[in-house]
Amino acid sequence: MSAVSDFSDLIGRNLAEQPGYAALQSQLEAFYFLEADLLDNRRYRAWLELLADDLIYYMPMRANVPLAHDRSDEFTTVGEGIHWFENDKWTVIKRVEQIETGIHYAEEPLSRITHMISNVRIVDANPDLETAQQIAVTNRFLLYQNRIVDDTTTFVGRRHDRLRQNAGTGWQIHFREVIIEQGILQAKNITNFF
Amino acid sequence: MEHSNLKTLVDADNGMISREIFTSPAIYKRELESLFTRTWLFVGHESLIPNPGDFYLSRMGEESVILCRDRTGEVHVFLNSCTHRGMKVCRYDKGNAKVFTCPYHAWSFALDGSLQGIPHFDDLYDGVLDPDDWSLLEVDRMAVYKGTIWASWDKDAPNFETYLGDAKLHLDMTLDCRDGRSGGSEVIGVHRWKFPANWKFAAENFLGDSYHNHSHGSVDAIGIGPSARSGVKGRRDDEMRAAQHIWISFPEGHGVHSAIEHPDAEFIDSYLDQPEIGAYFRNCYEERRRRLGDEAQLIPFTGTIFPNTSYHGRQPRGLCAWHPHSSGETEGWRFFLVDTDAPTAVKDFLRHYYMRYSGPAGMTEQDDMENWLYASAASKGTIAKRLKLNYQQSMGAAKLNDPLPGLVATQMSEHMARGYYTRWRDYLEGRDWNQLLGVGDPRFSDGEPVTKAGRA
């Protein structure tokens with residue numbers, strides 16, 4: 001699990017000068033913009049197609065800790081204990097099904113949501129950038145949500161993604177860590193997808 | 001605020017409560033001064049501070065407190081404010097420390113709260129300031145109960161178990177091992193989030209407001225429980241389907257919803273998604289029956305220990321503290337519990353279930369937040385405030401001490417809320433501890449009065 005979730009050695013890597021980076025990054029941005037369009041237009045079933053069957057999709061909680069402490073003190077660790085959520089594909093499907101019932105009152109009426117995705121960086125590619133089948137990507141999101149009248153939440157944060165290329169399906173996300181820049185969550189709910 | 005005004009705000013005998021108690025800043029201020037300074041408040045769990053030097057920041061009312069374990073292993077709860085100029089002496093949520101050193105002027109406090117370092121003491125303070133007089137302020141009362149840590153700012157507060165009264169039996173079932181051994185739980189994580197609702201809406205919900213089941217229709221329809229992958233609908237296994245549900249109000253203001261199984265009841269198949277998890281819980285069930293005998297017929301569902309500590313007893317299992325921020329804002333803390341010695345696979349199964357059920361991203365509790373937000377917001381209006389809220393459900397239906405101690409209903413009821421707000425009013429009126437414990441409350445000698453009440 002830690003090998004999948006640990007981006008600490010990848011964060012400082014710069015692959016931008018290597019052959020194939022620009023083409024792959026452009027492809028990735030198109031993928032993310034499609035994902036945002038699907039989510040913001042409530043095409044959840046189509047969005048589910050972008051997620052691999054062995055998905056791990058989680059949002060750690062964070063604590064105020066001294067500078068010298070390591071990551072596991074500040075962030076909850078995937079695969080252990082409690083996070084804001086730690087979903088597999090089944091659970092994500094359940095969340096979509098819940099919205100589709102039409103009686104999920106925290107999302108009924110539906111929220112109005114826009115995802116802004118930026119700072120897309122490929123930090124790992126296997127076997128290489130030009131023939132990549134597996135990649136690790138970091139990016140930023142700004143998610144604006146408004147519902148009913150003035151119930152408005154803005155989530156800002158980072159995503160650490162791992163995607164793989166599948167024959168027939170194209171890129172699929174199999175790991176996503178959603179890092180939000182808050183300790184005590186300043187939102188009553190997390191009913192959206194990041 | 002005059003007593004007569006409080007009387008009209010909470011009219012328990014007629015089952016009507018003013019919306020002002022959920023919206024008024026003046027009433028909120030009174031709660032901070034008269035209620036949160038006196039009641040026992042849940043501040044944490046021993047498993048969060050297992051070793052000497054461990055600390056964990058918590059809250060009591062609006063204020064930050066430090067929960068810590070000193071060098072000798074003793075647990076303390078301190079107000080997180082330097083006695084010199086008030087700065088928070090600890091701004092880390094958790095960790096291990098030798099001292100708490102204030103960032104402002106570097107006064108430092110030992111883990112037992114004593115002031116151990118003052119910069120330039122000899123030049124600036126010698127002969128004037130006695131460090132023994134300027135320790136961190138420690139709570140007046142502190143109790144460790146089956147791993148949970150509670151505190152009060154009132155030196156005259158009754159001891160914690162007296163305060164719990166007969167609700168103890170029900171809280172115990174949340175804190176005790178699944179197989180009936182006493183205590184033995186640990187916290188595997190804490191959700192902390194802020195939501196725009198009055199704190200009492202959350203506390204009241206857990207008193208046993210089973211009437212709000214409707215809110216959770218979406219998760220019941222799709223199934224998210226421990227047997228959902230096996231096709232079972234509902235948000236939990238139906239462990240209580242053959243049991244007699246009971247709703248109990250206690251003199252101290254607590255309220256619970258529990259259930260009593262038939263003496264010949266057998267384990268109801270649950271945790272179907274993983275056979276070994278199901279087998280584990282079957283074994284716990286049978287072991288608990290063997291260990292506790294007839295007492296094992298009682299099983300927990302939800303409850304609120306007055307004023308702001310709630311629990312879920314089984315599916316999911318945990319404690320909540322509803323910390324007030326203002327009349328319209330609450331910080332929810334949800335502590336998730338498992339048996340410390342449960343197998344790793346069981347803990348892993350439970351944490352996934354807890355996360356999909358609970359907290360701000362929990363599929364069930366998202367809908368609770370929505371209710372509490374709009375119930376708070378819609379009570380603010382000038383016209384809305386003319387209307388009282390209705391708490392008349394099952395008036396007079398509860399019986400005294402039958403079959404368990406307390407005022408017990410065997411049908412869905414709001415008498416726990418009527419009792420809760422009656423005690424709440426007593427705190428705001430500054431009553432003595434006898435009255436705050438419900439001594440002399442006629443509901444617990446004569447039963448609940450039944451009146452034919454009109455619309456307020």
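This is a predicted model: local features need pLDDT of at least 70, side-chain atom pairs count only at pLDDT 80 or more; totals for chains, interfaces and linings use all residues.
View 1. The residues that line the largest cavity divide into 12 nonpolar, one polar and seven charged. The volume of this largest cavity is about 190 Å³. Of its 20 lining residues, those closest to the centre are Arg178(B), Tyr271(B), Phe281(B), Cys284(B) and Arg314(B). Across the structure, six cavities of 30 Å³ or more are present.

**View 2. Elements of chain B around the largest cavity.** At least two lining residues come from each of α9 (275-292), β19 (329-339) and α10 (344-357) of chain B. The largest share of the lining, five residues, is supplied by α9(B).

**View 3. The second largest cavity, with a volume of about 100 Å³.** The lining consists of Leu39(A), Asp40(A), Arg42(A), Tyr44(A), Ile99(A), Glu107(A), Ser111(A), Ile113(A), His115(A), Thr191(A), Asn192(A) and Phe193(A). Two or more of these lining residues are given by each of α2 (21-40) and β3 (112-126) of chain A. By class, the lining of the second largest cavity divides into five nonpolar, four polar and three charged residues.

**View 4. The open sheet of six strands in chain A.** The strand order is β2-β1-β6-β5-β4-β3 (chain A), and the pairing is mixed. At the edges stand β2 (85-87) and β3 of chain A, each of which pairs on one side only. From one strand to the next, the twist averages 20 degrees. Strands of a sheet pair through backbone hydrogen bonds, in either a parallel or an antiparallel arrangement.

**View 5. The pairing of β4 and β5 in chain A.** Strand β4 (residues 134-147) of chain A and strand β5 (residues 151-166) of chain A run antiparallel and are joined by 14 bridges. Within this pairing, Leu143(A) stands opposite Phe155(A) of β5(A).

**View 6. Helix α2(A) across the sheet strands.** The strands that α2(A) lies across are β3, β4, β5 and β6 (170-180) of chain A. Relative to β3(A), α2(A) runs at about 155 degrees. Both α2 and β3 of chain A also give two or more residues to the lining of the second largest cavity.

**View 7. Helix α5(A) across β1 and β2 of chain A.** Helix α5 (residues 89-100) of chain A lies across β1 (51-59) and β2 of chain A. The angle between α5(A) and β1(A) is about 80 degrees. Of the two strands, β2(A) is an edge strand of the sheet, whereas β1(A) stands between β2(A) and β6(A) in the strand order.

Key. Residues are numbered from 1 along each chain as its sequence is written. Chains are lettered from A and ligands numbered from 1 in the order in which they are written. Side-chain values use heavy atoms; hydrogens and water are left out. On a 1 Å grid over the protein atoms alone, a cavity is a set of points where a 1.4 Å probe fits but cannot get out, and a pocket is an open set with protein on both sides within 12 Å along at least five of seven lines; lining residues have an atom within 4 Å of a point. Grid points are joined across faces, edges and corners, and a volume is the space filled by probe spheres set on the points. Helices (H or I, at least four residues) and strands (E, at least two) are DSSP runs, numbered from the N terminus. Ala, Val, Leu, Ile, Met, Phe, Trp, Tyr, Cys and Pro count as nonpolar, Asp, Glu, Lys and Arg as charged, and the others, Gly among them, as polar. Two strands pair if DSSP finds at least two bridges between them. Axes are lines fitted to C-alpha atoms, for helices over the stretch in contact, and angles run from 0 to 180 degrees between N-to-C directions. Contact means heavy atoms within 4.5 Å.
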